[in-house]
2 protein chains.
Amino acid sequence: MPEKKRIAVFISGRGSNFKSILDHVQKGDINGEIVVVISDNPQAKGLDYARENNIHFRVFEFNRGVNRDKYFEEIVNYLEGFGVDLILLAGFMRVLSSNIIRRYKNRIINIHPALLPSFPGTHAQRQALEYGVKVSGCTVHFVDEGVDTGPIIIQEAVEVLDTDTEETLAARILEKEHIAYPRAVKLFCDNKLKIDGRRVFIQD
Amino acid sequence: MPEKKRIAVFISGRGSNFKSILDHVQKGDINGEIVVVISDNPQAKGLDYARENNIHFRVFEFNRGVNRDKYFEEIVNYLEGFGVDLILLAGFMRVLSSNIIRRYKNRIINIHPALLPSFPGTHAQRQALEYGVKVSGCTVHFVDEGVDTGPIIIQEAVEVLDTDTEETLAARILEKEHIAYPRAVKLFCDNKLKIDGRRVFIQD
């Protein structure tokens with residue numbers, strides 16, 4: 001068994017993916033430990049889970065006019081003290097700068113509510129409905145310097161119904177997110193993910 | 001029961017989707033009749049199904065230097081004699097010109113071996129593997145003047161495996177194509193498809 005990975009989770013809002021991963025960590029499914037939570041939003045509801053579970057957290061407010069590189073440099077410096085092995089983006093609404101992506105190359109994971117490369121960026125569920133697809137889903141992927149372009153670890157498909165609204169579709173996709181994201185984190189923490197160019201293979 | 005739709009099928013190769021639709025027509029699943037088959041390739045193996053089943057067929061060779069508009073105008077003129085209600089593209093390798101698309105507006109259907117809008121154009125399965133997606137599939141859609149951009153009728157998801165080659169993935173997607181395409185044609189022939197902008201709804 002490899003050493004437990006030390007995980008940082010970045011959130012901006014309710015943190016439902018943070019919560020689902022925390023549950024799996026606490027059940028012992030994931031060979032890792034959430035050592036710190038970062039939020040750009042002091043009101044993020046997900047910070048309550050950190051409080052309730054005595055997990056370190058810190059808010060880095062992104063104020064108008066702040067330099068993005070400098071903003072993320074401060075976060076990188078803060079994370080150094082925690083010996084972080086893995087960063088999980090869980091509804092974190094800022095595009096990362098290249099300094100943090102390079103520092104944690106192939107060690108930052110995100111989840112996106114569409115089957116990438118379809119519908120990158122914001123409002124993915126709305127984009128899917130407006131395009132008129134019949135299948136959407138979610139994508140867990142490593143973060144590279146593009147927007148939602150990094151190597152894909154897991155995707156789960158979700159049927160789009162004629163009756164769907166943005167909200168009902170988002171809710172059905174979210175159920176799959178709560179399955180796919182912990183599964184991907186478990187694979188990472190067991191050292192089972194092998195990146196080969198754009199492809200990610202699962203090795204035993 | 002509405003009148004049987006008169007269907008033209010366009011092929012270029014083995015015609016496996018033509019065959020699967022023909023089977024459903026012959027079993028009486030589809031309220032339609034294949035009245036003519038068009039091929040741009042005199043060697044298309046799928047023409048054998050037309051021969052064996054006494055279906056009219058005609059080859060329109062696309063010779064170098066031929067004007068595309070003129071090429072499709074000849075096909076349109078040929079089809080007039082058959083009172084065609086619906087054109088099905090089944091591995092037809094030519095991009096249609098706008099004259100035939102306008103003449104058969106919302107009455108031309110295509111199948112594409114990927115979950116559009118991901119991986120339009122040729123070699124969709126190879127594109128999917130090279131991108132590294134974990135879910136691909138097939139899309140049945142109306143044809144508009146873009147390449148694989150028209151309103152989507154049905155999509156079916158297919159898991160992409162670590163061990164997949166272009167051939168194994170294509171074969172697994174093809175199994176789904178043979179389910180999705182006849183289903184979409186049945187819905188069309190039962191007048192159950194309603195196009196609303198980019199979205200296609202199924203009405204009872």
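Is the crossing of α1(B) and α6(B) left-handed or right-handed? The crossing of these two helices is right-handed; a crossing is given this term if the near helix is turned clockwise from the far one by less than a right angle, and is left-handed if anticlockwise. The model is predicted, with local features requiring pLDDT of at least 70 and side-chain atom pairs pLDDT 80 or more, whereas totals for chains, interfaces and linings use all residues. Residues are numbered from 1 along each chain as its sequence is written, chains are lettered from A in the order in which they are written, and side-chain values use heavy atoms, without hydrogens and water.

Helix α1 of chain B comprises residues 16-26 and packs on α6(B) at an angle of about 50 degrees, with the axes 9 Å apart. Axes are lines fitted to C-alpha atoms over the stretch in contact, and angles run from 0 to 180 degrees between N-to-C directions. Helices are DSSP runs (H or I, at least four residues) numbered from the N terminus. The pair is therefore oblique, a term for angles other than those under 35 degrees (roughly parallel), over 145 (roughly antiparallel) or 65 to 115 (roughly perpendicular). Contact (heavy atoms within 4.5 Å) involves residues including Ser20(B), Ile21(B) and His24(B) of α1(B) and Leu174(B), Tyr181(B) and Val185(B) of α6(B). By class, five residues of this contact are nonpolar, five polar and one charged; Ala, Val, Leu, Ile, Met, Phe, Trp, Tyr, Cys and Pro count as nonpolar, Asp, Glu, Lys and Arg as charged, and the others, Gly among them, as polar.

Helix α6(B) (residues 166-189) also meets helix α5(B) (residues 124-131), where the axes come within 9 Å and cross at roughly 120 degrees. This angle makes α5(B) oblique to α6(B). The contact joins Gln125(B), Arg126(B), Ala128(B) and Leu129(B) of α5(B) to Glu166(B), Leu169(B), Ala170(B) and Ile173(B) of α6(B). Five of these residues are nonpolar, one is polar and two are charged.

Chain B is superposed on chain A by a rotation of 180 degrees with 0.0 Å of shift along its axis (RMSD 0.0 Å), which is the relation of a two-fold axis. The superposition is by least squares on C-alpha atoms of residues with pLDDT of at least 70 in both copies. Ser118(B) is the residue of chain B closest to the rotation axis, at 2.7 Å (C-alpha).

Tyr131(B), Lys134(B) and Arg199(B) supply 29% of the area that chain B buries against chain A.

Key. Buried area is the accessible area (1.4 Å probe) that two parts lose on being put together, summed over both.
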